[in-house]
Amino acid sequence: AVTLMTQYVVARPLYSEDAFADEHEKIHRHHKTLRHHVKQYFTCDLKRAKNAALSLLPFIGWMRIYQLKEWLLSDIVSGVSTGLVAVLQGLAYSLLASLPPWYGLFTLSHLFTVLTAFSLPTSPLSIHWAFPVLSLMVGAVVTRLVPDEGPPVNITGFEGLTSDEQRVMVAASVTFLMGIMQLAMGLLQVGFIVMYLSDTLVSGFTTAAAVHILVSQLKFVLGLVVPGLSGPLSIVYTLEKIFVQIEKTNVCDLVTSILIMGVVFIVKEINDRYKAKLPVPIPIEVIMTVIACGVSYAFNFQVIYKVDVVGRIPLGYESPMAPNMQIFGQTAVEAFPMAIVGFAVAFSVAKVYSVKHDYIIDGNQELIAFGASNIIGAAFKSFAASTALSRSAVQESTGGKTQIAGLLSALIVMVVTLAIGFLLEPLPKSVLGAVVIVNLKGMLMQIREVPHLWRRDRPDCVVWVVTCLASILLGLDLGLAVGLGIELLTVVFRAQFPRCSVLANITGTDIYKDRKDYMSIYEPEGVKIFRIPSPIFFANIDFFRGKLVEAVGFNPLRVLRKRNKALRTIRKLLKKGELQMTSVSSGVNWNSELPANIQVPRVDVHSLILDFSAVSFLDISALKGLKAALKELIRVEVEVYIVACDEYILEKLHSCKFFDDEVKSSMFFLTLHDAMLHILEKHPVNSENTKVCEKV
């Protein structure tokens with residue numbers, strides 16, 4: 001057992017007055033210049049060319065290691081299963097986008113789009129697929145420019161087109177613009193932007209999107225004619241229009257929807273519960289679709305019960321179309337959040353499976369992949385697509401290993417588009433609406449996160465609730481902006497008002513923790529240890545100084561002013577002869593009793609340690625404020641030590657001429673314990689106290 005007092009021999013300042021330059025020269029002699037970085041960036045050799053090719057075309061890498069015997073059969077089974085589900089969901093999500101149903105098949109199966117989505121992503125389980133949230137955002141743009149009631153917006157290129165053709169032009173153009181944005185962000189290497197969308201924000205946003213989707217599908221489930229609306233409070237106006245004509249509900253549509261939702265929900269629960277025992281999930285949506293088509297055709301639902309059906313599905317693909325530049329100007333504000341949301345969702349899904357299957361993904365390459373896919377798809381009248389966890393989960397659960405499964409699923413959709421799409425013409429739209437609603441379960445159940453967030457992290461809970469409510473009431477684009485603003489405010493709030501603490505030594509160790517959290521602690525008399533767990537910058541330097549004053553228990557500036565005033569009083573008394581000096585003294589002992597009833601605030605702290613282990617940077621304003629605070633403490637005879645400071649901060653302090661005759665570089669120590677040993681050496685305490693800090 002050794003006491004803290006006997007360890008002082010190892011405690012020395014991190015830097016002496018003149019050592020920094022020599023130390024800096026030894027350790028930091030070589031700094032790469034901008035010229036060096038540019039030269040390195042543009043240097044090309046065989047290895048870099050090979051890496052660039054594999055980076056731009058990731059499929060080359062995984063095709064080289066493709067295990068034909070082990071993976072091919074699994075990919076075929078997965079591709080067929082996923083493709084059957086894709087047909088139904090493609091039709092359903094077209095309704096969300098306010099487009100004719102068959103355009104969803106174009107989104108999933110066009111040859112050039114499929115090949116692009118096959119070759120460019122870094123995630124083998126990344127599928128270029130219609131995603132309900134994006135489909136709904138496209139639908140909001142479509143209904144704004146081409147409303148159900150009233151004339152469309154005056155746009156060159158709409159002349160001579162039907163309402164459906166105008167809507168297709170709008171959807172394709174906004175998708176093209178979204179793809180350009182994604183491709184540009186990928187090429188500019190700004191994939192990190194998605195990091196500003198936290199899981200909490202995305203959860204609240206997608207929950208609100210699920211509410212919008214649910215409301216948008218009620219008109220199909222109830223068989224009502226409700227015009228599509230967009231903009232703030234559109235969900236309220238839509239509900240109003242639904243309830244106004246609720247007595248006109250088509251009973252056949254309602255019964256069909258309830259039956260479909262009940263059966264699909266039950267079988268999906270069975271799939272989840274017994275997924276370990278089932279070779280492949282039961283494709284209940286496909287089964288119910290086939291049954292619904294057969295029953296609708298046999299009993300002529302469209303004529304007898306006035307049921308709205310999918311109707312004519314033209315065979316084959318339509319000719320390509322150039323985007324409308326005027327629509328670009330009308331939809332740029334909506335296209336950007338669509339690009340961000342599409343990438344955020346796709347990247348989140350890719351991260352889940354990259355961790356699970358141990359492969360590396362590149363966010364910038366994923367941006368390039370989805371941008372290129374959306375650009376090419378839009379040219380062939382597809383609408384915005386991304387990746388959804390549910391479809392990737394289907395592919396993975398059915399044994400899919402690589403993009404081969406995604407390619408085969410697209411081929412299944414292609415067969416339907418080219419040859420057998422007419423078999424789906426009698427399908428009631430209420431069935432599609434019911435399938436969409438059942439598949440919202442996962443997104444709607446995210447609301448269960450709110451109580452957990454409230455207990456664990458209330459600022460995050462506020463982000464979730466505000467994002468969700470704003471997205472529901474104001475629309476998805478404005479709601480996302482509001483949510484992002486609130487999220488950034490919480491970051492600023494956490495950084496501006498961090499939880500500062502006073503530390504103490506844990507008895508018998510060299511560990512220092514918040515004194516409020518422990519009972520068996522040792523605090524040497526006259527020593528304070530203050531910790532700030534955040535960067536120090538212009539916005540929180542005043543907060544830092546205020547908390548520092550609270551920690552030491554006195555305001556050094558006020559004490560200094562009181563002492564100066566007392567000195568002036570003492571000089572006057574000496575000059576008048578009312579006070580006599582009994583001995584020669586180098587200074588005033590301010591903690592002793594002063595003559596003539598002079599009162600000065602007592603300072604019981606002789607040493608202050610600032611723990612900078614969590615301080616990642618200081619700006620110029622913080623440097624000025626910190627230096628002023630240190631000088632105030634030093635002038636009231638408090639020794640200040642800074643510990644665990646990042647070397648780059650030290651370098652910045654020297655380059656900014658932080659040190660002078662009062663604030664010296666010798667105040668820096670490598671560890672908190674070293675500084676404490678140095679203080680105990682300089683200010684010995686009695687043996688009874690040192691025994692408390694005995695270290696085993």
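**Exercise 1. Find which residues are linked with Lys627 in a network of salt bridges, and describe the pair that Lys627 forms with Asp660.**

Solution. Lys627, Lys631, Arg635, Asp660 and Glu662 are linked in a network of salt bridges, where a salt bridge is a side-chain nitrogen of Lys or Arg within 4 Å of a carboxyl oxygen of Asp or Glu. Before going on, note that this is a predicted model, in which local features need pLDDT of at least 70 and side-chain atom pairs count only at pLDDT 80 or more, while totals for chains, interfaces and linings use all residues. Residues are numbered from 1 along each chain as its sequence is written, and side-chain values use heavy atoms, with hydrogens and water left out.

Next, take the pair itself: the side chains of Lys627 and Asp660 meet at 3.3 Å, N to O. This pair links distant parts of the chain, 33 residues apart, with Lys627 in helix α26 (residues 620-635) and Asp660 in the loop between α27 (647-655) and β7 (668-669). Helices (H or I, at least four residues) and strands (E, at least two) are DSSP runs, numbered from the N terminus.

Finally, consider the surroundings of each partner. Lys627 is buried, with a relative accessible area of 18%, whereas Asp660, at 25%, counts as partly exposed. Here buried means under 20% relative accessible area, exposed over 50%, and partly exposed in between, with a 1.4 Å probe and protein chains only.

**Exercise 2. Work out where the two partners Asp457 and Arg494 lie.**

Solution. Begin with the contact: Asp457 forms a salt bridge with Arg494, and their closest N and O atoms are 2.9 Å apart. Asp457 is in the loop between α21 (449-456) and α22 (458-474), and Arg494 is in helix α23 (residues 476-496), so the pair ties together parts 37 residues apart in sequence. Asp457 is partly exposed, with a relative accessible area of 22%, and Arg494 also counts as partly exposed, at 36%.

**Exercise 3. Decide why helix α28 is described as largely enclosed by the rest of the structure.**

Solution. Of the 11 residues of helix α28 (residues 672-682), 9 are buried, so this helix is largely enclosed by the rest of the structure. Among the buried residues of α28 are Leu672, His673, Asp674 and Ala675.

**Exercise 4. Describe the backbone of Ser98 and of Lys381, and say where each residue lies.**

Solution. Ser98 has a positive phi of about 60° although it is not a glycine, and this residue lies in the loop between α5 (68-96) and α6 (103-109). At 19% relative accessibility, Ser98 counts as buried. Lys381, likewise not a glycine, has a positive phi of about 65°, and its place is in the loop between α16 (363-379) and α17 (389-397). Lys381 is buried, with a relative accessible area of 16%.
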